[in-house]
Amino acid sequence: MTRGLAWLSATALACLVTAGCRHAAAPGRIPIVDEKQFAAVLAENRGKVILVDFWATWCGPCRELFPHTVQLHRHYAKRGLAVLTVSLDNPPAEAEVSQFLASQGADFPSFISRYGTSSKSIEAFEVDEGAIPYLKLYDREGKLYKAFGQGAEEPIPERIEAAVKELLARTSA
Amino acid sequence: MIRTWNLALALSLSALLMTNLSYAKVKIGDPAPAWSSLVGVDGKDHNLGEYRNSKVLVIVFTCNHCPVAKAYEDRLIELQKDFGPKGVQVIAINVNNIPPDRLDKMKERAAEKGFNFPYLYDSTQVSGHDYGARVTPHAFVLDKSRKVVYVGAIDDSQALDSVKVRYVRDALDALLAGHKPPKAETKAFGCGIKYDDKEGSK
């Protein structure tokens, strides 16, 4: 229920602030966001541990890691984990993004960077060294706890899960 | 006293470890790290010095498999076509050792696309470490004195129709006119380079 609401509000937010409103509301369409809109989505999830997966359909290692992100959501959503994903695909590739998300059974809010595969995306979403997959893990206060990816910790599933568990345990007390 | 010494020792040890773990990364104004004996798709060995007659060099760390790198292949060909006659040389280097990026595949790709610039393979990955190349494609522009004058993306968007700023072309225009590049550093984006030594990717 809460998840549904979060999704709706994320979509609604994207509707409010982007020209793609009509499309964003349609089934299977992915909201296209800039960094401010995404920051608002993060703020809406304050109080939860948040994992953000930056990925793209063209990125092999991202596709390999994605099922793990889906699993983390399945296992830990009830304990207070919010999972969000931001695709750095070029917005016209939305159908491919949508298709991939559906094939993965991704039932969490997913977005596409309005800047696509570009320098601006890397700057706006602070993807450290410009390489994806890049995951950011925020604590319940919205503070960045750890990043996984090139230039940060290695994005190994076990390590990401351990950090998620650690944060859930630490902050739910 | 002993405690102080231990602390000093610990600090210097950790400094040493840091040095070992964090590879050099060129900064704007640094002399370009030299490289030599890099085999090209032409089967010959190449080194930085052999391009001494070119006014400006554009070194691009790239590879075969990465869709972002592929999206830039035609742009690199155009770059060499447009700027070659003005004394600019594009040099592509691949440091990935995964099967689709090995020399035999590089040769195939270069032939398919008709690369008009050298495409070199550095299986030691040392050049990538020396320059601090992180993604494919990652561009480094070297001026006449072989100092690094631009580091970053080739242009600002993988999608050709979204490109607004052509960073490398702008840098070349400026250099050839005797000026500094309008922007010396930008954020490169693409596929992470697969360094065999994981620590090297720090």
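Tutor: One term before we start: contact means heavy atoms within 4.5 Å. Also, keep in mind that this is a predicted model.
Student: Okay. So which residues is Ile132(A) in contact with, leaving aside its neighbours within four places in sequence?
Tutor: In chain A, they are Phe54(A), Trp55(A), Ala56(A), Trp58(A), Cys59(A), Cys62(A), Leu88(A) and Val127(A), and from chain B there's Gly190(B).
Student: Which residues touch the most other members in the largest nonpolar core?
Tutor: Ile132(A) does, along with Phe38(A), in a core of 85 residues. Another core lies apart from it, with 21 residues, including Val26(B) and Leu120(B).
Student: Switching topic: how many residues are in contact between chain A and chain B?
Tutor: 17 from chain A and 22 from chain B. Between them the chains bury about 1500 Å², with 51% of that on carbon and sulfur atoms.
Student: And which residues in chain A lose the most area to chain B?
Tutor: Trp58(A), Ser119(A) and Gln150(A), which together make up 34% of what that side buries.
Student: How many salt bridges does the rule find across there?
Tutor: One. Glu129(A) pairs with Arg134(B), and their closest N and O atoms are 2.9 Å apart.
Student: Which element gives the largest share of chain A's side?
Tutor: H6(A), with three residues. By class, that side of chain A has six nonpolar, seven polar and four charged residues.

Notes. Residues are numbered from 1 along each chain as its sequence is written. Chains are lettered from A and ligands numbered from 1 in the order in which they are written. This is a predicted model: local features need pLDDT of at least 70, side-chain atom pairs count only at pLDDT 80 or more; totals for chains, interfaces and linings use all residues. Side-chain values use heavy atoms; hydrogens and water are left out. A nonpolar core is a set of buried Ala, Val, Leu, Ile, Met, Phe, Trp, Tyr and Cys residues joined through side-chain atoms within 4.5 Å. Buried means under 20% relative accessible area, exposed over 50%, partly exposed in between (1.4 Å probe, protein chains only). Buried area is the accessible area (1.4 Å probe) that two parts lose on being put together, summed over both. A salt bridge is a side-chain nitrogen of Lys or Arg within 4 Å of a carboxyl oxygen of Asp or Glu. Helices (H or I, at least four residues) and strands (E, at least two) are DSSP runs, numbered from the N terminus. Ala, Val, Leu, Ile, Met, Phe, Trp, Tyr, Cys and Pro count as nonpolar, Asp, Glu, Lys and Arg as charged, and the others, Gly among them, as polar.
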